[in-house]
Amino acid sequence: MLAVPFRAPAPGAVWDKDLQAHLWVGATPPPELAPYLPGPYTFERFLEDELNETPARCRPATG
């Protein structure tokens with residue numbers, strides 16, 4: 001599941017009308033989709049975790 005802004009290009013992603021979200025299936029997304037990966041504690045991450053067999057691991061905080 002991706003957090004794509006309205007009318008932004010998302011090459012390689014597919015719009016799912018039932019989920020009302022852009023999806024990309026695979027192990028590693030292409031670099032052009034990297035800015036749209038959902039962050040931790042977002043609604044998109046919650047839905048992605050619900051759809052996957054195992055939840056995604058949160059990246060460690062940087063700072």
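User: Leaving aside neighbours within four places in sequence, which residues is V4 in contact with?

Analyst: This is a predicted model, numbered from 1 along each chain as its sequence is written, in which local features need pLDDT of at least 70, side-chain atom pairs count only at pLDDT 80 or more, and totals for chains, interfaces and linings use all residues. Side-chain values use heavy atoms, with hydrogens and water left out. V4 is found in the segment before strand 1. With contact meaning heavy atoms within 4.5 Å, and neighbours within four places set aside, the partners of V4 are A10, H22 and Y36.

User: How far apart are the C-alpha atoms of V4 and Y36?

Analyst: V4 and Y36 lie 32 residues apart along the chain. V4 is also in contact with Y36. Their C-alpha separation is 5.5 Å.

User: Why is V4 classed as buried?

Analyst: Relative accessible area decides the class: buried is under 20%, exposed over 50%, and partly exposed in between (1.4 Å probe, protein chains only). V4 counts as buried because its relative accessible area is 16%.

User: Is P29 buried or partly exposed, and at what relative accessible area?

Analyst: P29 is found in the loop between strand 2 (21-23) and helix 1. Not counting residues up to four places away in sequence, P29 touches W24 and L37. P29 is partly exposed, since its relative accessible area is 24%.

User: Which side chain of opposite charge is nearest to R45, and at what distance?

Analyst: R45 is found in helix 1 (residues 43-51); helices (H or I, at least four residues) and strands (E, at least two) are DSSP runs numbered from the N terminus. Lys and Arg count as positive and Asp and Glu as negative, while His and the chain ends are not counted. A salt bridge needs a side-chain nitrogen of Lys or Arg within 4 Å of a carboxyl oxygen of Asp or Glu. R45 is buried and has no salt bridge, the nearest side chain of opposite charge being E48 at 4.4 Å.

User: Which backbone oxygen does the side chain of R45 reach?

Analyst: The R45 side chain has no salt bridge. At 2.9 Å, it reaches the backbone oxygen of P38.

User: In what order do the elements of the protein run from the N terminus?

Analyst: The protein has one helix and two strands. From the N terminus on, the order is β-β-α.

User: What pLDDT does the protein average?

Analyst: pLDDT is the predictor's confidence in each residue, from 0 to 100. Of the residues, 87% score at least 70. The average for the protein is 85.

How values were computed
A polar contact is a pair of N or O atoms within 3.5 Å; within protein, one must be able to donate a hydrogen and the other to accept it, and residues adjacent in sequence count only if both atoms are side-chain atoms.
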